[in-house]
Amino acid sequence: MSGTSTTQTRGEELAPVTTEDLTALLVGGERPPRPSALSASLTFGWRAVLKIKHVPEQLFDVTAFPIMMVLMYTYLFGGALAGSTTAYLQFVLPGILVMSVVMITMYTGVSVNTDIEKGVFDRFRTLPIWRPAPMVGYLLGDVLRYTVASAVMMTVGVVMGFRPAGGVVGVLAGVALLLVFSFCFSWAWTMFGLMLRSEKSVMGVSMMVLFPLAFLSNIFVDPATMPGWLQAFVNNNPVSHLTSAVRVLMDGGWPPTEIAWTLGWGAALTAVFGTITMRLYNRK
């Protein structure tokens, strides 16, 4: 019979339950509590991790790329720039670690743009959750990729002869600072992911920003060898501050000025691009 249902228990017929009764029960019943901001963010972060699980090719850029970079720069330029590949490796490995992780932050924007094209964001906005949770989830998921890239890079470096004077503690401190900065820097790419129309556009703009930041820095050479006008940019480049901090931490030192600059840049990037990202997300 349309609109009613009958329930029987051990042969005893119960009173029919109408559709109106079921609707009233569902509407008037106690709803589950709204998830906290942390819970929602971690859930979306787990979603990003599951995407990596189902498409493991996404880890190619955090495994093969770092290995290729450290091998190429060490053995091609080590002898010319430092007299030996071993000596140059001690200098360049922290820099290439920074460059590799900072370069792959752009894939956060690509993932955001892909989900927009698929219409997934329309469903996210209808959920009763903390509004920034989907964006924070992307960034948390990518932190795993940054960690994998760092582990791969350090393993290859140790095999090649890299011996950090700071030991395990210095390496962990340097990697932790790198992960914090990369998390903050990724907010810029979420903005571009929301703003631009296609994945190719996001990647093109990202490379235009990343290449000057990476190569006009102190990653490969000492800025003292550069012209004065170029030193002015290099010495104030956030990637240079990050590289110097990671390099000194791994060498067993504690550079308070460089760490402060790095964290300050991270806070500024988050404040500016995080705010713009959320405004674009709410209007998208």
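## Transmembrane regions

The UniProt record, an unreviewed entry, places the feature "transmembrane region" at residues 59-82, 88-110, 143-162, 168-189, 201-221 and 259-281. The structure shown here is a predicted model.

Two of these spans can be checked against the model. Residues 168-189 are 100% helix and 0% strand. The end C-alpha atoms of that span lie 31 Å apart. Residues 201-221 are 71% helix and 0% strand. Here, too, the end C-alpha atoms are 31 Å apart.

## Overall build

The protein has 12 helices and 4 strands. It has 284 residues, and 43% of them count as buried.

## Confidence

The average pLDDT of the protein is 84. A score of at least 70 is reached by 87% of the residues. Confidence is highest in helix α11 (residues 238-250), at a mean of 96. It is lowest in strand β1 (residues 4-5), at a mean of 44.

Over residues 1-11 the pLDDT is below 50. Beyond near neighbours in sequence, this stretch has 16 contacts in the model.

## Two helices that cross

Two packed helices are described by the angle between their axes and the distance between the axes. Take helix α3 (residues 60-82) and helix α7 (residues 133-160). Their axes come within 9 Å and cross at roughly 35°. The crossing of α3 past α7 is right-handed.

Which residues of α3 and α7 make the contact? From α3 come D61, V62, T63, P66, I67, V70, L71, T74 and Y75. From α7 come R145, V148, A149, V152, M153, V156 and M160. Sorted by class, the contact has 12 nonpolar, 2 polar and 2 charged residues.

## A look at V205

V205 lies in helix α9 (residues 199-215). Is V205 buried or partly exposed? Its relative accessible area is 24%, so V205 is partly exposed. Buried would mean under 20%.

What does V205 touch, leaving aside its neighbours within four places in sequence? V205 is in contact with F192 and L196. M106 is 99 residues away from V205 along the chain. The C-alpha atoms of V205 and M106 are separated by 9.4 Å.

How values were computed: Residues are numbered from 1 along each chain as its sequence is written. This is a predicted model: local features need pLDDT of at least 70, side-chain atom pairs count only at pLDDT 80 or more; totals for chains, interfaces and linings use all residues. Side-chain values use heavy atoms; hydrogens and water are left out. Axes are lines fitted to C-alpha atoms, for helices over the stretch in contact, and angles run from 0 to 180 degrees between N-to-C directions. Helices (H or I, at least four residues) and strands (E, at least two) are DSSP runs, numbered from the N terminus. A crossing is left-handed if the near helix is turned anticlockwise from the far one by less than a right angle, and right-handed if clockwise. Contact means heavy atoms within 4.5 Å. Ala, Val, Leu, Ile, Met, Phe, Trp, Tyr, Cys and Pro count as nonpolar, Asp, Glu, Lys and Arg as charged, and the others, Gly among them, as polar. pLDDT is the predictor's confidence in each residue, from 0 to 100. UniProt positions are given in the numbering used here, feature names are shortened, and annotations may be inferred rather than shown by experiment. Buried means under 20% relative accessible area, exposed over 50%, partly exposed in between (1.4 Å probe, protein chains only).
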